[in-house]
Amino acid sequence: MEKLKNILSIIDHKGYKAYKQLEGRYDFEDFTLHIDHVQGDPFASPSRLRARVMQTKAVFSPELFSNSSRKTALEDYISRAFNKSLKQECRGSCGTGKSGLINIDSGGQEILKRTSCMVNSDFVEVRFYAGLPARGRTILGNHCLEMLTGEVPKIVAASMFYRSLDEKEMKKHIQICEDQDYLRGILEENNLVSFIKNGSILPRKSGISDSPLPESEAIAFKSPAQLETTLKAPNAGNITGMGIPRGVTLIIGGGFHGKTTLLKAIERGIYNHIPSDGREYCITVDSAVKIRAEEGRNIQKVNISPFISNLPFDKDTIKFSTANASGSTSQAANIIEALECGAGLLLLDEDTSATNFLIRDEIMQKMVPKDKEPITPFIDRVKDIYQKLVTSSILVMGGSGDYFEVADTIIMMDCYLPCIVTEKAAELIKERKDIRHIEISDSFSFITSRIPLPSSINPFRGNRKRVKSRGLDNITFGFYSIDLSAVEQIVDPSQVNAVSDIILYALRKKYINGKNILTDIMDMILEDIKKYGLDIISDFKGRHPGSYALPRKFEIAAAINRLRTLKVLQAS
Ligand code: ADP
Ligand code: MG
């Protein structure tokens with residue numbers, strides 16, 4: 001600390017560059033502060049710092065991080081506690097640009113594996129950011145001293161020691177996270193693809209907020225008797241709710257009755273949620289992929305022939321490539337690409353689907369003969385996909401009863417509550433005279449794998465590497481940008497940040513080498529992350545990688561698939 005004071009008194013009122021002298025390690029009474037990287041000027045991305053407390057002082061007992069669920073939850077809890085206490089202790093903006101600001105990447109409604117905190121049996125480390133104070137480009141030494149030796153120690157004291165945290169709340173955070181991972185793990189043996197606990201609050205506060213609708217305004221979820229199941233969680237014990245079985249499930253119901261809200265909860269059930277989210281016991285298999293239409297996207301040699309054939313001008317659909325997909329071709333490619341990476345559950349909503357991809361009714365079958373219609377609609381493939389590829393589907397479909405024919409389970413949303421109408425639908429089908437006929441002669445039993453070519457994934461712009469993520473849906477990659485706005489299961493900007501560095505990592509490690517197929521590449525990357533931690537994807541030398549959150553293989557592959565320069569070979 002004395003060292004820090006000395007340097008600051010020397011560089012006070014000097015030009016901003018003198019701050020570089022701060023890089024290094026400082027021992028405080030209860031922790032060490034590492035200044036890993038100092039920003040170039042007050043407007044640049046803030047400086048990267050770490051605080052490390054040895055376990056001899058932090059004393060988190062080993063059972064709080066004894067398995068990967070607990071570890072992720074504890075790290076998440078500490079990041080949030082750090083964030084909460086910095087909101088109290090950090091005086092905030094003082095001077096130019098980001099001067100005086102401290103922040104940490106602490107996440108939203110989901111509990112994700114992230115790099116902002118690391119706990120092991122030796123130490124607890126928090127990685128955070130600080131805008132070193134300046135007026136113009138002149139160093140404000142006193143402000144900096146107050147920030148680093150006043151504010152930071154207080155924040156550390158309030159959040160990085162077991163004794164300073166709320167024991168009950170912390171344990172709940174950990175237990176709920178462990179329960180969610182456990183339940184997700186036993187869905188399959190229970191023949192389920194998703195589970196929603198009775199009492200869950202599914203609707204969100206607004207279209208731009210992911211917080212729950214206040215309980216006074218929300219109808220709590222209640223399973224229909226036919227699907228009610230009880231699962232046993234390690235901490236919460238028996239939990240009763242709606243189990244959605246494998247196969248083809250339809251969600252129907254009138255407009256504004258809560259269909260999309262239910263599907264969204266299922267879609268987010270691949271992640272663990274914080275206590276009080278309302279969806280903390282909405283659990284979905286982690287191979288669930290939301291599929292939507294995505295007009296304009298780039299597609300590289302995807303075999304969409306199960307859905308699209310006989311295009312005008314004999315355009316190849318076995319190796320279908322386009323720089324400007326239509327609604328239906330994009331949705332077909334999104335499905336095939338998801339299956340290529342091993343999707344076990346497809347989630348579709350009529351709100352975001354191409355109508356002609358979903359349905360083709362009997363009257364249209366008469367009007368436009370099959371040989372004039374390139375599209376084999378999803379309705380004709382959905383059973384095949386389940387029977388041959390064992391991939392289930394859940395579809396929101398309020399606008400057409402045709403799907404009654406192919407659904408194993410039909411859930412009707414009525415004033416935000418689900419009921420089962422599978423039998424009633426079967427009766428209605430029997431009464432029907434004019435029935436659409438299935439228009440497939442072949443069966444869809446394998447997916448063509450693809451090999452991405454490294455030369456087509458170029459992070460350079462001239463001789464400078466230029467890769468940067470922005471928000472939830474954009475990555476600048478070399479000369480191009482990757483649009484992830486239709487990849488709906490990305491929930492955190494730090495996942496996008498991780499995705500962009502993972503692509504670089506896969507190039508560096510030569511996993512993308514012109515031989516490996518895409519899904520194997522994803523597995524190799526995730527295997528490394530599991531073994532060495534999420535830090536491994538960073539090539540920052542000496543800078544902490546403080547804002548990664550773990551994405552799934554589907555989202556990483558989605559980014560590669562959307563790179564407009566991508567070239568692939570189809571594997572034989
Ligand atoms: P649909 O897809 O059936 O047209 P949505 O799922 O979009 O309907 O829901 C319509 C509206 O109802 C949304 O504003 C949503 O937030 C709200 N809503 C959904 N479920 C509930 C619920 N359980 N309690 C209260 N409001 C809800
Ligand atoms: Mg809807």
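**Notes on the pocket, the metal site and a surface patch**

1. The largest pocket holds about 1,500 Å³ of space. Please bear in mind throughout that this is a predicted model.

2. Which residues lie nearest the centre of the largest pocket? They are Lys113, Asp181, Asp286, Lys530 and Leu550, out of a lining of 45 residues.

3. Several elements contribute to the lining of the largest pocket, each with at least two residues. Among them are the helices H3 (68-89), H5 (167-186), H13 (518-532) and H14 (553-561). Strands E6 (117-119) and E10 (192-197) likewise supply at least two residues each.

4. The magnesium ion (ligand 2) is coordinated by OG1 of Thr260 and by OD of Asp351, at 2.1 to 2.3 Å. Thr260 belongs to helix H6 (residues 259-268), whereas Asp351 sits in the loop between strand E21 (345-349) and helix H8 (355-358), so the pair ties together parts that are 91 residues apart in sequence.

5. Are the two coordinating residues buried or exposed? Thr260 counts as partly exposed because its relative accessibility is 28%, which falls between the limits of 20% and 50%. Asp351, at 56%, counts as exposed, since the cut-off for that class is over 50%.

6. Ile219, Phe256, Tyr416 and Leu417 make a nonpolar surface patch of about 430 Å². Of these residues, Ile219 is placed in the loop between strand E12 (209-212) and strand E13 (228-233). Ile219 has a relative accessible area of 41% and is therefore partly exposed; patch residues must have over 30%.

How values were computed
Residues are numbered from 1 along each chain as its sequence is written. Chains are lettered from A and ligands numbered from 1 in the order in which they are written. This is a predicted model: local features need pLDDT of at least 70, side-chain atom pairs count only at pLDDT 80 or more; totals for chains, interfaces and linings use all residues. Side-chain values use heavy atoms; hydrogens and water are left out. Patches are made of residues with over 30% relative accessible area and no salt bridge: like charges are joined within 9 Å, nonpolar side chains (Val, Leu, Ile, Met, Phe, Trp, Tyr) within 5 Å. Accessible areas come from the Shrake-Rupley method with a 1.4 Å probe; for residues, only the protein chains shown count as cover. A salt bridge is a side-chain nitrogen of Lys or Arg within 4 Å of a carboxyl oxygen of Asp or Glu. Helices (H or I, at least four residues) and strands (E, at least two) are DSSP runs, numbered from the N terminus. Buried means under 20% relative accessible area, exposed over 50%, partly exposed in between (1.4 Å probe, protein chains only). Donors are N, O and S atoms within 2.8 Å of the metal (3.2 Å for Na, K and Ca); water is not among the atoms, so sites may look incomplete. On a 1 Å grid over the protein atoms alone, a cavity is a set of points where a 1.4 Å probe fits but cannot get out, and a pocket is an open set with protein on both sides within 12 Å along at least five of seven lines; lining residues have an atom within 4 Å of a point. Grid points are joined across faces, edges and corners, and a volume is the space filled by probe spheres set on the points.
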